[in-house]
Amino acid sequence: MAVFDVRQGTSPVILGFPHTGTDMPSAIWDRLNDNGRLLADTDWHIHRLYEGLLADATTVRATFHRYVVDANRDPQGVSLYPGQNTTGLIPETDFDGMSIWKQDAAPTEADTADRLREFHAPYHAALTAEIQRVKSIHGIAVLYDCHSIRSHIPFLFEGTLPDFNIGTDMGRTCAPAIEQAVLAVTAATSGYTSILNGRFKGGWTTRHYGKPETGVHAIQMELAQATHLATETLPCAYDAAKAERLRVHLKDILTRIERIALDLASENNNNR
């Protein structure tokens with residue numbers, strides 16, 4: 001089975017979708033328990049939400065589910081948030097801390113090695129190739145990593161998650177102008193809440209690729225699923241009316257990022 005889908009564009013902006021896939025090899029599906037087979041921790045409909053917002057953006061989407069292997073985790077298994085509850089490279093539980101594997105069927109070290117080779121590595125090879133291609137066009141590339149999550153998950157965080165959760169690893173992964181432009185849009189929205197580097201500071205993808213000094217910038221957007229789903233409980237149907245209201249702001253964000261990226265590229269060319 002294909003493990004990723006790529007749509008090439010000419011914009012300096014690349015949209016990453018590591019968690020929207022639901023494909024599951026039958027051998028892995030057979031090892032999941034009934035709870036795991038719900039695939040509840042999917043970033044439901046996120047690729048649909050962003051569809052067409054930036055006409056020339058490149059998209060790279062993992063088609064496999066995060067229970068196969070999490071494409072947004074360090075392949076060495078290092079925790080993104082030491083000391084906090086989270087899910088790992090191959091999750092042992094769902095976001096509520098409940099087991100997802102049948103008894104004696106949890107993935108082994110050999111399974112991890114296989115899934116890194118067959119799923120994680122190909123996805124990131126594709127993402128790396130697109131970053132390099134886009135950078136060769138503009139001298140700069142901006143990876144905007146697209147995510148969503150339920151707004152109430154006591155196992156992972158207290159209270160209610162803001163609607164827009166911007167992650168830049170405390171400003172390390174992108175130029176300040178990009179970070180501030182995104183924050184400015186979200187702060188000005190009516191009826192939405194936002195935070196910069198709160199509970200979600202950017203996953204492994206954002207931290208791994210975001211090296212502004214090399215011309216590669218990265219920023220993560222974690223959306224509360226209440227912003228675009230009818231409900232945050234299964235079947236997690238897409239709410240077109242909610243989504244259209246949200247898409248206006250997401251389009252503004254992506255358009256501003258693209259403009260800043262082109263300005264930065266122009267400045268770099270003038271300084272040569």
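## Exercises on pockets and cavities

The lining of the largest pocket draws at least two residues from each of β1 (4-7), β2 (13-17), α2 (46-50) and β3 (58-62), where helices (H or I, at least four residues) and strands (E, at least two) are DSSP runs numbered from the N terminus. The model is a predicted one, in which local features need pLDDT of at least 70 and side-chain atom pairs count only at pLDDT 80 or more, while totals for chains, interfaces and linings use all residues. Residues are numbered from 1 along each chain as its sequence is written, and side-chain values use heavy atoms, with hydrogens and water left out.

**Exercise 1.** Describe the largest pocket by its volume and its lining.

*Solution.* Begin with the term: on a 1 Å grid over the protein atoms alone, a pocket is an open set of points with protein on both sides within 12 Å along at least five of seven lines, a cavity is a set where a 1.4 Å probe fits but cannot get out, and lining residues have an atom within 4 Å of a point. Next comes the volume, the space filled by probe spheres set on the points, with grid points joined across faces, edges and corners; for the largest pocket this is about 260 Å³. Its lining has 14 residues, and those nearest the centre are Arg-7, Phe-17, His-47, Glu-51 and Thr-59. Finally, sort the lining by class (Ala, Val, Leu, Ile, Met, Phe, Trp, Tyr, Cys and Pro are nonpolar, Asp, Glu, Lys and Arg charged, and the others, Gly among them, polar), which gives seven nonpolar, three polar and four charged residues.

**Exercise 2.** Find the residues that line the second largest pocket and divide them by class.

*Solution.* The second largest pocket holds about 170 Å³ of space. Its lining includes Gly-77, Gly-88, Trp-101 and Thr-112, and by class the lining has six nonpolar, three polar and one charged residues.

**Exercise 3.** How many cavities of 30 Å³ or more does the structure hold, and which residues lie closest to the centre of the largest cavity?

*Solution.* There are two such cavities, and the largest has about 190 Å³ of space. Among the 21 residues of its lining, Arg-66, Arg-73, Ile-149, Phe-200 and Glu-222 are the closest to its centre. Two or more lining residues come from each of β4 (141-149) and β7 (216-224), and β4 gives the largest share, three residues. By class, the lining of the largest cavity divides into six nonpolar, ten polar and five charged residues.
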